[in-house]
Amino acid sequence: MSVDESPARTPAPVPTPEPARNVAAPSSATVDGGGVRTVPGEAKLSLVKREKLNLQKREVAKVLLRKGAASPVGRVVLVMDNTGSMSKRYRSGEVKRIIERMVPVATQLDSDGNLEAYAYAQRFVRLPDVTVADADTWVNTYVHLHGRHGGVDFDAIGGTNNEIPIMEEIIGTLDKGATAPTLVLFFTDGGFHARAQITALMRTASAFPAFWQFIGIGKSSFGVLEKLDNLTGRLVDNAGFFAVENVDKLTDTALYELLLSEYPDWLRAARQARVLSWPERPAGTHSRHRARLLQGKPDCCRGRRSDGRRCANSARSGRDDHRVPSR
């Protein structure tokens, strides 16, 4: 297939039904000894749904802890392919089930436990957040290829893919040097053939505190996504890609392992490169360093005591990600 190197015309976005929320919104979430977060909306779920959600959240937490990352609370963004080639997956309910399985990721990693959602094709639309309490209602309202639902005209998005507008939109919401990381979960069944533009955007995006996890659905050509690991000219490796024929066939353990396999590495690299700022720590964190390290939280004190001196425990740990200069 030929690769389109010519500049693409950027269509205007479809009017959004809800303004973007504040990423730094306060949260009343609680965290248990295993690093699993619970957000207030979970209390509205039935016992059966809470048990299922807890199992999924624990799988997310296990991946993060195993890879040496505490739950890095920030922002989780979902981008779903709304092109005509996805029609079978919309009709079968696969797309609804994918989004439902992303809710535990947001519960663990998003500041308010919600999933910020976009649908894209030739244009894009910003949808209301997916909340843990109303996920069932949300997928029935907003997971559509055609017609007007929930105040959104899905026909106005178009039927073919153009990733440039939605990527530019997300990059435009990011602040350089922010302390809160953003995880973008981008589902697509193919395309990404505007190689020059997408490559340039990913290089630009590497200076912003966001990791882009692209998930290919099916066996189509995924264009430049298949070459992300070898993309040069970036401050840090800010993207990952994997493809799967049918997401329903993946267990929760396998799905979350694939989704989060590169995210912890990016967190460390982004902090070391100052793409992502170190979060402020209250005085006295040094005294809790060893306990947090044993919980799989290697960046707990940035390798520094509150008085600015080198943390002895981090030196004994032998972990390179503790050896960072003071600000």
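I started with Glu-257 and found it in a salt bridge with Arg-66, the closest N and O atoms being 2.3 Å apart. I'm counting a salt bridge when a side-chain nitrogen of Lys or Arg lies within 4 Å of a carboxyl oxygen of Asp or Glu. Glu-257 sits in helix 7 and Arg-66 in helix 1 (residues 47–66), so this pair ties together parts 191 residues apart in sequence. Helices here are DSSP runs of H or I with at least four residues, strands are E runs of at least two, and both are numbered from the N terminus.

Note on the source: this is a predicted model, where local features need pLDDT of at least 70 and side-chain atom pairs count only at pLDDT 80 or more, while totals for chains, interfaces and linings use all residues. Residues are numbered from 1 along each chain as its sequence is written, and side-chain values use heavy atoms, with hydrogens and water left out.

Next I checked accessibility (buried is under 20% relative accessible area, exposed over 50%, partly exposed in between; 1.4 Å probe, protein chains only). Glu-257 comes out partly exposed at 24%, and Arg-66 is exposed at 52%.

Glu-257 also forms a salt bridge with Lys-67, with the closest N and O atoms 3.5 Å apart. Lys-67 is in the loop between helix 1 and strand 3 (75–81), 190 residues from Glu-257. I have Lys-67 down as partly exposed, at 25%.

Then I looked up Asp-248, whose side chain meets that of Arg-97 in a salt bridge (2.7 Å, N to O). Asp-248 lies in the loop between strand 10 (239–244) and helix 7, and Arg-97 in helix 3, so the pair ties together parts 151 residues apart in sequence. Asp-248 is partly exposed at 32%, and so is Arg-97 at 33%.

A search of the whole structure gave me 15 salt bridges. I also noted a network of them linking Arg-75, Glu-116, Arg-126 and Asp-129.

Last, helix packing. Helix 3 and helix 7 (residues 252–260) pack at about 55 degrees with axes 11 Å apart; axes are lines fitted to C-alpha atoms over the stretch in contact, and angles run from 0 to 180 degrees between N-to-C directions. That makes the two helices oblique (under 35 degrees is roughly parallel, over 145 roughly antiparallel, 65 to 115 roughly perpendicular, the rest oblique). In helix 3, Arg-101, Met-102, Pro-104, Val-105 and Leu-109 meet Asp-252, Leu-255, Tyr-256, Leu-259 and Leu-260 of helix 7, contact meaning heavy atoms within 4.5 Å.
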